[in-house]
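This briefing sets out selected features of the structure shown below, grouped by topic. Please read it alongside the coordinates.

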Amino acid sequence: MTPEAPAQRVTNALPDAGAQAKEAAVQGAMLTLRMPQRGLLPRLGFWLFLVTVVLSPIPDGSVGPIWIQVWTITVGLAVLSLSYRGLSWGAASVLWGLVAVLCLYLVVSWLQSISPGPSPLTLWSDASKVLGTDLSPLSSSVRNTPYPFLGRPLLAALVLTAGIVLGTDRARASLVLRTIVGAACVYGAIGFVGLVLSVRELRPFDQAGALTTFFLNKNTSATYLGSALLLVIGLLLPPVAAAVRERRPIITMFRGPDRRRRTAAVMAGVFLLILLPLTLSRAGVMLTVFLGLGALVLKVRLRKRGALWEFALSLLVVFSFLLALSGESWHERNARLGFDTLGRLDAYQEMLGASLDHPWLGLGLGSFSQSFPQYRTEDLGLYGTFNIGHSTPIELIFEGGYPLALGVFIFVAVCGAVLVRGALRRPDDPYILGAVLVGLLGLIHTSFDFPLQIPGYLITYLAVVGIGIGRSFLPRDERRVVKKKVLRRPTGSQPIQPLTDGGAAAGATATPR
């Protein structure tokens, strides 16, 4: 059914109504087509998705294959249960692009599984002679990895799909994002108690006194907590900007029906800001602070000299606060900055050099830990165990080749453009702003680390980004209709029923085929 059909039906049903009443009824009918259904199956799908987003960080970041299978099944059921009634053509186009990327992964995996793979080192044959037994060459292990690796991109695609579909529903989008913030606060508090009291059961992996929450790596933990903090900033900035535009005291944003939510958001933000430097992650802390302050400058648009000075002073206070809380371990981490950076740069050069030998198919999806040792040179030294690439884009090129990496990069760029466009079209939508900030944090950090390769964070990240993409295709200005307001026809005519948020006039609702 075309969008004009319900509109024409409403117009024909109200021949004697005034122009304003007709327009209101038509808008209600059009909005009904975009409104997600709240039936039993969509509700079940939503709660399955929410449970996955909340619980996925707990089992050590869900890095085990069994958890990838569990969450893939759970989110798959959620995607099958959700209603796609309110999906716009733009969101559908993004989903078709996602399907194309998945097909590209499948083709590359198939070609890798039937190819001989990279040539093993002569060390294999020499070791076989010395030991008097046949050792499996490296190429066989590479051929056996691509298909199992497909579980990760499939899980990512399902989570992004569910996020895009749920993004059209403001109430559910709000619940998902606020639940993510609450879960990060709870997990951070548990990790903090385990760190202070040295409870090993609450700290699955000890990284030199760093706060790791339930993740095995301090950098992933910092990105997770930083994402929750940026969500808080995204939720609070629109009312702050509105108060500045209207020249009202910012304290007035804590009045009205949303005062409790905004107060809770401020408290959560302060708590996350305290926990963040305890992760001892340089990039995680710095990126979060810079992105948050950058969003504040762009959103509030400080123009007066006095306001600029206040902002500069606030920036100094924030950095002093973070350094004071971080302790001696922070300074020790920064003293090793040059050494760590040089090691990673050498690894990046070796990965890119190896990818030139296999530019079309790479060395095998999911085979980094088996493939990289044969390309590791003496320049990298003996420091560090590179069982993961410490750069998701470069590792994708190394394992999957340049065509696959190019397809993924183009899709990511399109999603980024959609989010930026949505933030400009809907400047008062806090969920799109939060998705932009979280998207930048995860994308930048994973370029020289690997948080997006940890399923527990990847699920949270794509849920937020998906919701932002889904909301980016909504109308420029959401129609605000006061509930229980009755629009009446001229004297002697039947009254038009009330229009509520997301509803249409009674008798004017069109059921799409």
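Aspartate 428 is partly exposed, with a relative accessible area of 44%; by the cut-offs used here, buried means under 20% relative accessible area, exposed over 50%, and partly exposed in between (1.4 Å probe, protein chains only). Its salt-bridge partner is arginine 245, with 3.9 Å between the closest N and O atoms. This is a predicted model, in which local features need pLDDT of at least 70 and side-chain atom pairs count only at pLDDT 80 or more, while totals for chains, interfaces and linings use all residues. Residues are numbered from 1 along each chain as its sequence is written, and side-chain values use heavy atoms, with hydrogens and water left out.

**Salt bridges**

- The structure holds five salt bridges, each defined as a side-chain nitrogen of Lys or Arg within 4 Å of a carboxyl oxygen of Asp or Glu.
- Helices (H or I, at least four residues) are DSSP runs numbered from the N terminus.
- Arginine 245 is exposed, at a relative accessible area of 55%.
- Arginine 471 and aspartate 429 form a salt bridge in which the closest N and O atoms are 2.8 Å apart. The two residues lie in distant parts of the chain, 42 residues apart, with arginine 471 in helix 21 (residues 455-472) and aspartate 429 in the loop between helix 19 and helix 20.
- Both arginine 471 and aspartate 429 are buried.
- Aspartate 258 is partly exposed at 35% relative accessible area, and arginine 262 counts as partly exposed at 22%.

**Nonpolar cores**

- The largest nonpolar core has 102 residues, of which Phe49, Tyr105, Leu272 and Ile469 touch the most other members. A nonpolar core is a set of buried Ala, Val, Leu, Ile, Met, Phe, Trp, Tyr and Cys residues joined through side-chain atoms within 4.5 Å.
- Helix 11 (residues 218-245) gives the most to this core, contributing twelve residues.
- Leaving aside residues up to four places away in sequence, isoleucine 469 touches Val94, Leu160, Ile164, Cys415, Val418 and Leu419, where contact means heavy atoms within 4.5 Å.
- Another core, of ten residues, lies apart from it and includes Tyr348, Ala354, Phe368 and Tyr375.

**Cysteines**

- A search of the whole structure finds zero disulfides, a disulfide being a pair of cysteine sulfur atoms within 2.5 Å.
- Cysteine 103 is partly exposed, with a relative accessible area of 43%, whereas cysteine 415 counts as buried at 9%.

- Helix 13 (residues 282-300) has 19 residues and spans 27 Å from its first C-alpha to its last, close to the 27 Å expected at 1.5 Å a residue; the expected span is 1.5 Å times one less than the number of residues.
- Serine 281 caps the N-terminal end of helix 13, placing a side-chain oxygen 3.1 Å from the backbone nitrogen of glycine 284.
- Threonine 168 sits in the loop between helix 9 (151-166) and helix 10 (170-197), and counts as buried at 15% relative accessibility.
- A polar atom of the threonine 168 side chain lies 2.9 Å from the backbone oxygen of valine 165.

Technical notes
Polar contact = N/O pair within 3.5 Å; in protein donor to acceptor, adjacent residues only side chain to side chain.
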